[in-house]
Amino acid sequence: MTKKIAILPGDGIGPEIIKSATDVLKFINTKHNLGFELEYSDIGGAGYDACKKPLPEATLKLCQDADSVLLGAVGGYQYDNLPRDMRPERGLLAIRRELDLFSNLRPAILYPQLASASSLKDEIVAGLDIMIVRELTGGIYFGEPRGIKTDENNKKIGFNTLVYNEDEIKRIAKSAFEIANKRDKKLCSVDKANVLEVSELWREVVIDVAKDYPQVELSHMYVDNASMQLVKDPKQFDVILTGNMFGDILSDTAAQLTGSIGMLPSASLDKNNKGMYEPIHGSAPDIAGKNIANPLATILSVSMMLKYSFNLPEQAAEIENAVGKVLDKNLRTADITDKNCSVVSTSQMGDAILES
Ligand code: NAD
């Protein structure tokens with residue numbers, strides 16, 4: 001049966017890394033006769049250039065009809081002075097919201113070949129493999145009321161609202177338990193229950209959901225301690241479950257443990273595991289158009305797509321193994337190069353993956 005995949009290259013290095021990633025996707029599609037059909041559309045600055053909107057209607061329709069979405073990145077200096085709701089990043093927030101992609105999976109994996117890229121000591125990070133499950137469509141980034149107003153003393157006040165209802169917590173908790181169940185069966189829920197009522201409810205609901213997953217070991221940690229533990233002893237974690245803002249911050253810390261932003265994929269899933277897959281990095285306007293960006297995060301996003309949206313773990317593993325083999329051959333893009341390694345371009349890295 002045919003499956004439609006929406007491809008959104010976006011801005012900056014987006015088109016370059018998407019070219020390499022779709023070459024890999026097409027290769028796997030043909031090799032295993034998977035019936036994938038790729039259809040392209042604009043988002044972000046490219047959407048604004050084409051239709052004066054960061055999320056054009058045609059793009060939204062394509063993504064709603066598609067079985068899965070692969071995105072490059074959005075953003076660029078030339079869009080910085082546009083009205084806020086026309087900026088490229090708004091297109092990204094809008095597509096996540098429109099597709100109800102509430103479950104954001106951000107793995108932080110350190111390939112042994114890249115251990116020296118981390119700023120932490122080898123023994124602390126070698127073999128690191130953490131999955132952060134971040135709630136993506138609720139919490140303080142979306143809560144109302146929000147704004148900046150002037151009070152009766154003519155002082156400006158900025159305010160946002162941190163709010164979660166029990167259904168929102170339940171569905172992200174279930175998502176995290178399901179993932180923990182397929183990994184090392186350890187789940188750490190991160191909150192701030194010593195201070196925030198929202199976190200008290202978060203903890204209560206997570207404990208309730210845990211009853212359906214007796215095989216998964218559940219622990220709780222306050223977010224300040226979690227940020228410390230992530231750099232002190234990151235390998236104690238298997239799956240981390242957390243809310244939108246805490247997850248935003250902790251997942252960047254976890255990414256940095258691996259030392260290489262160009263290596264990390266992500267998935268954002270809805271309740272049926274339909275997902276949008278993208279590298280965690282941005283559009284890197286400083287290196288756009290030079291054919292030097294690292295395409296591996298986007299290629300690994302394809303691997304996550306095969307695993308989570310299409311339940312094709314073996315084909316996903318083929319891609320992961322190919323990445324390992326290329327690193328074993330000491331081929332590196334400029335961002336991850338090291339002594340004794342050969343620097344290759346974006347397209348050469350893509351070709352090397354295809355040959356592996
Ligand atoms: P960035 O991730 O684009 O770049 C940070 C640094 O990492 C830059 O030096 C860049 O050259 C480098 N880098 C990033 N990806 C790389 C890759 N694949 N290979 C090699 N080097 C890579 O973050 P930024 O500079 O803060 O933001 C640039 C633009 O991207 C902004 O407009 C921002 O809003 C946008 N952005 C988009 C997303 C997204 O699309 N999901 C995420 C973050 C930032």
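**Notebook: salt bridges, a charged patch, overall form**

I started at Lys-211, which counts as exposed at 60% relative accessibility. I noted that the model I am reading is predicted.

**Entry: the partner of Lys-211**

The side chain of Lys-211 meets that of Asp-208 in a salt bridge, 2.9 Å from N to O. I then checked the cover on Asp-208. Its relative accessibility is 44%, so I put Asp-208 down as partly exposed. The cut-off for exposed is over 50%. Lys-211 passes this cut-off with its 60%, whereas Asp-208 falls in the partly exposed class with 44%.

**Entry: salt bridges in the whole structure**

How many salt bridges does a search of the whole structure find? I got 15. I wrote a reminder beside the count: side chains of opposite charge can pair when their charged atoms come close.

I took the Asp-129 contact and read 3.3 Å, N to O, between the side chains of Arg-183 and Asp-129. Arg-183 sits in the loop between α6 and β8 (186-191), while Asp-129 belongs to strand β5 (residues 129-135), so this pair ties together parts that lie 54 residues apart in sequence.

I then took the Asp-238 contact. Here the side chains of Arg-183 and Asp-238 form a salt bridge at 2.9 Å, N to O. Asp-238 is in the loop between α8 (223-232) and β10 (239-242), and Arg-183 is in the α6-β8 loop, so the bridge ties together parts 55 residues apart in sequence.

Buried or exposed: how does Asp-238 count? I logged Asp-238 as buried, because its relative accessibility is 4%. The cut-off for buried is under 20%. Arg-183 has 22% and counts as partly exposed. Asp-129 has 37% and also counts as partly exposed.

**Entry: negative patch**

I turned to the surface. Glu-166, Asp-167, Glu-197, Glu-200 and Glu-204 gather there in a patch of negative charge. Two helices, α6 (166-182) and α7 (197-210), each give two or more residues to the patch. Which element gives the most? I marked α7, with three residues. Glu-197 is in helix α7. I checked the accessibility of Glu-197 and read 60%, so Glu-197 counts as exposed.

**Entry: Gly-91**

I moved on to helix α4 (residues 88-98), where Gly-91 lies. I then took the distance to Gly-47. The two glycines, Gly-91 and Gly-47, are 44 residues apart in sequence, and their C-alpha atoms are 8.2 Å apart in space.

**Entry: the whole chain**

I finished with the overall form. I counted 12 helices and 14 strands in the chain. Along the principal axes, the C-alpha atoms fill a box of roughly 60 × 50 × 45 Å. Of the 356 residues in the chain, 52% are buried.

Why does the radius of gyration agree with a compact globule? A compact globule with 356 residues would have a radius near 21 Å, and the chain has 20 Å, so I wrote down agreement.

Terms used: Residues numbered from 1 in each chain as written. Predicted model: local features only at pLDDT ≥ 70, side-chain atom pairs only at ≥ 80, totals over all residues. Heavy atoms only, no water. Patch = residues over 30% accessible without salt bridge, like charges linked within 9 Å, V, L, I, M, F, W, Y side chains within 5 Å. Areas by Shrake-Rupley, 256 points an atom, 1.4 Å probe, with all protein chains shown as cover. Salt bridge = Lys/Arg side-chain N within 4 Å of Asp/Glu carboxyl O. Lys, Arg positive; Asp, Glu negative; His and termini not counted. Charge placed at Lys NZ, Arg CZ, Asp CG, Glu CD. Helix = DSSP H or I, 4+ residues; strand = E, 2+ residues; numbered from the N terminus. Buried < 20%, exposed > 50% of the residue type's maximum accessible area, 1.4 Å probe, protein only. Rg over C-alpha atoms; globule rule 2.2 N^0.38 Å.
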